[in-house]
Structures are given as structure tokens and as C-alpha cells.
Amino acid sequence: MVIAEWHEEYCTGHALIDDQHRNLFSLVNQIHAMIDSPTMDQYRVGELLQVFAKSATEHFDLEEDLMTTYEYPNIAAHQNTHARLLGKVNKVLEQMATTHQIDIESVTPVLADWMIHHIRGEDQRMIQFFQSQPLPVGCSAGQYMNA
Ligand SMILES: [Fe+2]
């Protein structure tokens, strides 16, 4: 079952950010399918969650680098939102490591909900701000939007 359904309206127009968002959706769906499976393997769920955490960290680093480059005024609040999400994922991983249990309700529905709201809200506002600004020094339009 797909819990994080991708819609084209979630595209921000930044090719790399959109690819990374699609990949995060795919990972949440893979985790959800594994949790939902009769042959659910906690070890595999943990592995996929670690891949999600690593991919999300790389993705947040990209967004935060761009926000710094563009001197985005809401960078602190946006960074906090990223940090809170990573905190939730790490808490689930710690809980799994100590109790060998997984609280299903605290994983994929939370991740899917967070991503959809974040992408439609904060990320769209961030990209609109970038697009309203002159290009950073040494950066061509093609380089920026299609990087
Ligand atoms: Fe973001």
C-alpha cells in the first residue's frame, strides 16, 4: 500500500530537490510496505529507516546550503523543522535498537504527513523566494534550477 503518494503539484521546479523529494517518498513507501507485510522484518525496516535518515540529511543539507547562499530570511525556522524530523526518525531507530519493537503509528504515517505538508508549504515558499532573487554570483540559470 502506498502511503506517500506523489503528485506533480508537489514539484518545486528545482530538478535536484524534486528528485530527492520523490526518492524520500519512495523510501517511505518501501518502509510502509515492509511494515505492512506478513513477513515484516524489523531488521530490514531499521535498514530502510537508516537509508531514509541518510537521504533526508543529504537533502536537508542541499536545501540549507541554498538557503545560506540566497540569504533566505526563514532559514532558522526551516532548519528547525528539518532537525525535528530527523530527531523523530532517530528516536524511532533508538527505540527499535533498545526494545526491538516498532510503533507502527509513529513511523510511516508521520513521515508521509510531514513530507507532504513540508513540501507544499515551507519548501514551496523557499523555492519561490530563490526564484524572486538575482542568481548568486558564479551561478548560471541552468546550473541552478537543473543542478
Ligand atoms: Fe525543507
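Helices are runs of at least four residues that DSSP marks H or I, numbered from the N terminus. Helix 2 in this structure is followed by Glu71, whose phi is positive, near 50 degrees. The model is a predicted one.

**Helix 2**

- Helix 2 runs over residues 42–69, which makes 28 residues.
- From first C-alpha to last, helix 2 reaches 40 Å, close to the 40 Å expected at 1.5 Å a residue.
- Buried residues in helix 2 are Val45, Leu49, Phe52, Ala56, Glu63 and Leu66.
- The cover over these buried residues of helix 2 includes helix 1 (15–36), helix 3 (75–99) and helix 4 (108–132).

**Helix 4**

- Helix 4 consists of 25 residues, and its first and last C-alpha are 34 Å apart, close to the 36 Å expected at 1.5 Å a residue.
- A kink of about 40 degrees is centred on His118 in helix 4.
- Helix 4 has these buried residues: Thr108, Leu111, Ala112, Met115, Ile119, Asp123, Met126, Ile127 and Phe130.
- Helix 1, helix 2 and helix 3 are among the elements that cover the buried residues of helix 4.

**Helix 1 against helix 4**

- The axes of helix 1 and helix 4 are 9 Å apart, and the two helices pack at an angle of about 160 degrees.
- Angles over 145 degrees count as roughly antiparallel, and helix 1 and helix 4 are therefore roughly antiparallel to each other.
- The crossing of helix 1 and helix 4 is left-handed.
- On the helix 1 side, the contacts involve His21, Leu24, Phe25, Val28, Ile31, His32 and Ile35.
- On the helix 4 side, these residues meet Thr108, Leu111, Ala112, Met115 and Ile119.

**Loop residues with positive phi**

- Most residues other than glycine have a negative phi.
- Glu71, in the loop between helix 2 and helix 3, is a residue other than glycine with a positive phi, near 50 degrees.
- Glu71 counts as exposed because it has 10 C-beta neighbours inside 10 Å, and the cut-off for exposed is 12 or fewer.
- His100 is not a glycine, yet its phi is positive, about 60 degrees.
- The loop between helix 3 and helix 4 holds His100.
- His100 has 10 C-beta neighbours inside 10 Å, so it counts as exposed.

Technical notes. Residues are numbered from 1 along each chain as its sequence is written. This is a predicted model: local features need pLDDT of at least 70, side-chain atom pairs count only at pLDDT 80 or more; totals for chains, interfaces and linings use all residues. The expected span of a helix is 1.5 Å times one less than its number of residues. A residue is buried if 20 or more other C-beta atoms lie within 10 Å of its own, exposed if 12 or fewer, and partly exposed in between; C-beta atoms are placed from the backbone. Two residues are in contact if their C-beta atoms, placed from the backbone, lie within 7 Å. The bend at a residue is the angle between axes fitted to the seven residues ending there and the seven starting there. Axes are lines fitted to C-alpha atoms, for helices over the stretch in contact, and angles run from 0 to 180 degrees between N-to-C directions. Angles under 35 degrees count as roughly parallel, over 145 as roughly antiparallel, 65 to 115 as roughly perpendicular and the rest as oblique. A crossing is left-handed if the near helix is turned anticlockwise from the far one by less than a right angle, and right-handed if clockwise.
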